[in-house]
Amino acid sequence: IFFFLKIKKLLLIDDKREMLIFSNISKKLNIETLIYMHGRFSKNSLILKKTYFKKYLVWSNFFANQLKEANSHYGKNNIEVIGNPNLDHNKNLKNFKSTFQIKRGLILDEDFIKYKDIKLYFKNLKEIKNIKFFIKKKKTRKLPREYLDFCRKNNVKIIDSRIVLGKIIKKYKIDCIIAATSTGLLEGIFYNVVPIKINSNNKEREGEFKEFINQRLVFYANNSRIFSHFLTKKYFLKQIIRNNKKLWGNILFDKNKIKNLLKFYK
């Protein structure tokens, strides 16, 4: 199809389910390619090792370095750092103190996780009375019945999936995000929120996410006892800010810059 349509240029997001076929076709037909980062990845992401595109737009220098480590075909000439359009740079963090404890936690629903996989973590939430919990449902699925039952029995507010993370954090004064491998854990760091990672039992996703644990960007609760500890301990704001700078840097998303990059592909 690409051959008969005489396709010369291809723009796509880095959906790992589709990257391999488009990478192979583009290489075979010498098609100019531009791919855009739309979710977190790391040097451990297997699809990055198997594919190549002539221009890769990434969110930050951290992810640019991860891409280079994953695939030696990428370098400064074919990676462009453009910032993350999902982040709200008008964030208001004036109320944060130098040290703080978690008062309001946000659980992120993830469509590959079954309730039985994280049941022990949820059980621990019941025993912590001084934290108000919320859950943000995933756009791509209905919230499973076990989740709904837990929320109803334990006064956990369910937040509309259409509300973006930054607005939820500001509106509900969230100071902790709980998830397994969601990009939301990393985006939460931008808002100086404590990212607590739980175990999903999904080997591929856990392997990809391991780099963020190794670099101590998230607090990894690999069992329910450590999970309870992370929920009740005292945190230092300077540590969260340090991780924010390490992960996100200071590059803001600029629509005009993107338009200029795309002119070549029109």
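Residues are numbered from 1 along each chain as its sequence is written, and side-chain values use heavy atoms, with hydrogens and water left out. Because the model is predicted, local features need pLDDT of at least 70 and side-chain atom pairs count only at pLDDT 80 or more, while totals for chains, interfaces and linings use all residues.

Empty space comes first. Rolling a probe the size of a water molecule over the atoms shows where such space is left. The search ran on a 1 Å grid over the protein atoms alone. A cavity is a set of points where a 1.4 Å probe fits but cannot get out. A pocket is an open set with protein on both sides within 12 Å along at least five of seven lines. Lining residues have an atom within 4 Å of a point. Grid points are joined across faces, edges and corners, and a volume is the space filled by probe spheres set on the points.

The largest pocket holds about 1,300 Å³ of space. Its lining consists of 39 residues, and those closest to the centre are His38, Gly39, Lys138, Ser182 and Thr183. Helix 8 supplies the largest share, three residues. Helices (H or I, at least four residues) and strands (E, at least two) are DSSP runs, numbered from the N terminus.

The whole structure has one cavity of 30 Å³ or more. The volume of the largest cavity is about 50 Å³. Around this cavity stand Ile107, Leu108, Asp109, Glu110, Ile113, Ile118, Phe122, Tyr147 and Ile198. Seven of the lining residues are nonpolar, two are charged and none is polar.

Helix 2 (residues 19-29) has three buried residues, Met19, Ser23 and Ser26. Seen down the helix axis, these buried residues fall within an arc of 70 degrees, so they line one face of helix 2. The arc is that of the directions from the axis to the C-beta atoms. Buried means under 20% relative accessible area, exposed over 50%, and partly exposed in between (1.4 Å probe, protein chains only). The cover over the buried residues of helix 2 includes strand 1 (9-13), strand 2 (32-36), helix 3 and strand 3 (55-58). Asn30 follows helix 2 and has a positive phi, near 55 degrees.

Gln66 sits in helix 4 (residues 61-70). Gln66 counts as buried because its relative accessibility is 2%. Leaving aside neighbours within four places in sequence, Gln66 is in contact (heavy atoms within 4.5 Å) with Phe41, Ser42, Lys43, Glu211 and Gln215. Gln66 and Glu211 are 145 residues apart in sequence, yet 9.2 Å apart in space, C-alpha to C-alpha. Ser161 lies in the loop between strand 8 (157-159) and helix 7. Ser161 is buried too, at 9% relative accessible area. With neighbours within four places left aside, Ser161 is in contact with Lys136, Lys137, Lys138 and Lys139.

Charged pairs complete the picture. A salt bridge is a side-chain nitrogen of Lys or Arg within 4 Å of a carboxyl oxygen of Asp or Glu. The structure holds 14 of them. Asp15 pairs with Arg17, with the closest N and O atoms 2.8 Å apart. Asp15 is buried at 16% relative accessibility, whereas Arg17 is exposed at 68%.

Lys43 takes part in two of the bridges described here. In the bridge from Glu69 to Lys43, the closest N and O atoms are 3.4 Å apart. Glu69 lies in helix 4 and Lys43 in the loop between strand 2 and helix 3, so this pair ties together parts that are 26 residues apart in sequence. In the bridge from Lys43 to Glu211, the closest N and O atoms are 3.7 Å apart. Glu211 belongs to helix 9, so this pair ties together parts that are 168 residues apart in sequence. Glu69 is partly exposed at 49%, Lys43 is partly exposed at 25%, and Glu211 is buried at 6%. Elsewhere, a network of salt bridges links Lys16, Arg40, Glu204 and Glu208.

Methods:
Nonpolar A, V, L, I, M, F, W, Y, C, P; charged D, E, K, R; others polar.
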